[in-house]
Amino acid sequence: SDFLIDRYEVSNEKYKKFQLKHSFNMKRANWPVVFVTYAEAKSFCKSEGKRLPTEIEWEKAARGGCEGGTDPSACDAGDLIPYPWGSEAPTCANANHNLSTTLPPTLCTSDTTPSGSQTGNNGPYGHRNLAGNVWEYVADLYHPAVYGSGTIREDPGGPVEGSSHVLRGGGWNTFSTNMRAANRFSDMVMGSAVGIRCARSA
């Protein structure tokens, strides 16, 4: 079904309007809010008249659809882009992360960067920072085999039971392999900055 997903990660300044107790250095007003819980992320999106994106919506925004390959009327190999920006391996120009395509791994910035600041990080529909900077919550509960069946489904939801939620996108301190649009992680172990991107049904 049709949906809209925010172009940018939620900033400290925007989150402060929702959570007055949220404190941050004013020089970082446009940096993404981090270390929020799933419940806080969900509540923020609701206050905006939105919701957290489903996992499949997030991946659609990051990978595009079947319009990018050699045949715009059908899915083909050209549509299977591994990263939001295309097929080029991750660099510090297109994702703020722990660059591990060469050894030893090297942090690009050792911190988050302002929301939407990396122009080389555009997804197929113009979204920024879908890879790197901060992990992003999606609505779905986490299960490692959720894509395992290979069955074609329309508007698939996640598992109906579980104790942790899916994170997408990778963070500033995670390796290049985490920049893949298909990469998924769980919030069961919180070791990286986690932020928010909201969506709504169209």
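Predicted model: local features only at pLDDT ≥ 70, side-chain atom pairs only at ≥ 80, totals over all residues.
Which cysteine forms a disulfide with Cys92? The partner is Cys108, and the two sulfur atoms lie 2.1 Å apart; a disulfide here is a pair of cysteine sulfur atoms within 2.5 Å. Residues are numbered from 1 along each chain as its sequence is written, and side-chain values use heavy atoms, with hydrogens and water left out.

Let's stay with Cys92 and Cys108 for a moment. Their link is left-handed, with -80 degrees about the S-S bond. Cys92 sits in the loop between helix 3 (55-63) and strand 2 (98-99), and Cys108 in the loop between strand 3 (106-107) and strand 4, so the bond ties together parts 16 residues apart in sequence. Helices (H or I, at least four residues) and strands (E, at least two) are DSSP runs, numbered from the N terminus. Cys92 is partly exposed, at 33% relative accessible area; buried means under 20%, exposed over 50%, and partly exposed in between, with a 1.4 Å probe and protein chains only.

In total the structure holds three disulfides. Counting bonded cysteines along the chain, the pattern is 1-6, 2-3, 4-5. Cys66 pairs with Cys75, with 1.5 Å between the sulfur atoms. Of these two, Cys66 is partly exposed at 27% relative accessibility, and Cys75 is exposed at 58%. The remaining disulfide joins Cys45 to Cys198, S to S 2.1 Å. It is left-handed, with -85 degrees about the S-S bond. Because Cys45 belongs to helix 2 and Cys198 to the loop between strand 7 (194-195) and strand 8 (199-201), this pair ties together parts that are 153 residues apart in sequence. Cys45 is buried, with a relative accessible area of 0%, and Cys198 is likewise buried at 0%.

Cys45 brings us to helix 2, which spans residues 38-47 and has Tyr38, Ala41, Phe44 and Cys45 as its buried residues. These cover an arc of only 130 degrees around the axis, which puts them on the same side of helix 2; the arc is that of the directions from the helix axis to the C-beta atoms. As a general point, an α-helix has 3.6 residues a turn, so residues three or four places apart point the same way. What covers this buried side includes helix 1 (12-18), strand 4 (135-141) and strand 5 (165-168). After helix 2 comes Gly49, with a positive phi near 75 degrees.

Which residues have the most contacts inside the largest nonpolar core? They are Val10, Tyr15, Phe44, Leu52, Tyr137 and Ile196, in a core of 15 residues. A nonpolar core is a set of buried Ala, Val, Leu, Ile, Met, Phe, Trp, Tyr and Cys residues joined through side-chain atoms within 4.5 Å. Helix 2 and strand 4 each supply at least two residues of this core, and the largest share, four residues, comes from helix 2. Leaving aside neighbours within four places in sequence, Phe44 is in contact (heavy atoms within 4.5 Å) with Val10, Lys14, Tyr15, Phe18, Ile196 and Cys198. Apart from this core lies another, of nine residues, among them Ile5, Trp58, Ala62 and Leu130.

Now for the charged side chains. The structure holds nine salt bridges, each a side-chain nitrogen of Lys or Arg within 4 Å of a carboxyl oxygen of Asp or Glu. One of them links Lys50 and Asp6 at 2.9 Å, N to O. Lys50 is in the loop between helix 2 and helix 3, and Asp6 in the loop between strand 1 (3-5) and helix 1, so the pair ties together parts 44 residues apart in sequence. Lys50 is partly exposed at 22% relative accessibility, whereas Asp6 is buried at 16%.

Arg63 is partly exposed, at 23%, while Glu59 is buried, at 11%. Glu59 also forms a salt bridge with Arg168 (2.7 Å, N to O). This pair links distant parts of the chain, with Arg168 in strand 5 and Glu59 in helix 3, 109 residues apart. Both Arg168 and Glu59 are buried. Through shared partners, salt bridges join Glu55, Glu59, Arg63, Arg168 and Arg184 into one network.
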